[in-house]
Amino acid sequence: PPPEVLFGRDTERQSILDTLLHSTRPRVAILGAGGIGKTSLALSIMHEDTVAKQYPARFFVSCEGITTVDTLMTEMADVIAIPSSNRGSALHNTILSILNSQPTLLCLDNFETPWEIPESRKSFEDFLRHLNGLSSLSIILTMRGSQRPSSVTWSKPLLPPLAEVP
């Protein structure tokens, strides 16, 4: 559900909405310290009426506890509601096909969790590269810190890391 209250993020919210609604292949990274409102901001945008109209398919995937691309694939399959019978060896391709079948907005929340595992980073970069190549997919990624994964062509202007709300 959308957050009940979103305080002091009007500028960032409008910037993200403009990008999602008026850019080709939008890719937005919401960065900042923990507990600063990245997830709330992303959820408020995903539930915005204009966004819902433009993106018939919207998926919110929590990456909390995700340590491998395979566990991310399983989580995404659960969120997308892919039946168990369709989760064979081609699950990756099935997910990519669904994400590219219509205008879709995918939010990968708390992406720092898998990103901070050095031995898995390359596989997550490769996965993001595949997502970046999908023409019908728009991406919101929330992540602690101030560095964006380099395998995605982020929409310009880049959203600066969130600052504390005064």
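Buried means under 20% relative accessible area, exposed over 50%, and partly exposed in between (1.4 Å probe, protein chains only). This is a predicted model: local features need pLDDT of at least 70, side-chain atom pairs count only at pLDDT 80 or more, and totals for chains, interfaces and linings use all residues. Residues are numbered from 1 along each chain as its sequence is written, and side-chain values use heavy atoms, without hydrogens and water.

**Aromatic pairs**

Rings of Phe, Tyr and Trp (its six-membered ring) pair if their centres lie within 6.5 Å; planes under 30 degrees apart are stacked, over 60 edge-to-face, the rest tilted. The whole structure holds two such pairs.

| Pair | Centre distance | Plane angle | Class |
|---|---|---|---|
| Phe111 and Trp115 | 6.1 Å | 35° | tilted |
| Phe111 and Phe124 | 6.0 Å | 85° | edge-to-face |

Phe111 sits in the loop between β3 and α6, and Phe124 in helix α7, so their pair ties together parts 13 residues apart in sequence. Helices (H or I, at least four residues) and strands (E, at least two) are DSSP runs, numbered from the N terminus. Phe111, Trp115 and Phe124 make up one aromatic cluster. Trp115 has 5% relative accessibility, so it counts as buried. Phe111 is buried at 0%. Phe124 is also buried, at 0%.

**Helix α7**

Helix α7 (residues 121-132) has 12 residues. Its expected span, 1.5 Å times one less than its number of residues, is 16 Å; the end C-alpha atoms are 16 Å apart, which agrees. Its buried residues are Phe124, Glu125, Phe127, Leu128, Leu131 and Asn132. They cover an arc (directions from the helix axis to the C-beta atoms) of only 160°, which puts them on the same side of α7. By contact (heavy atoms within 4.5 Å), their cover includes β1 (27-32), α4 (69-80), α5 (91-99), β3 (104-109), α6 (112-115) and β4 (137-144).
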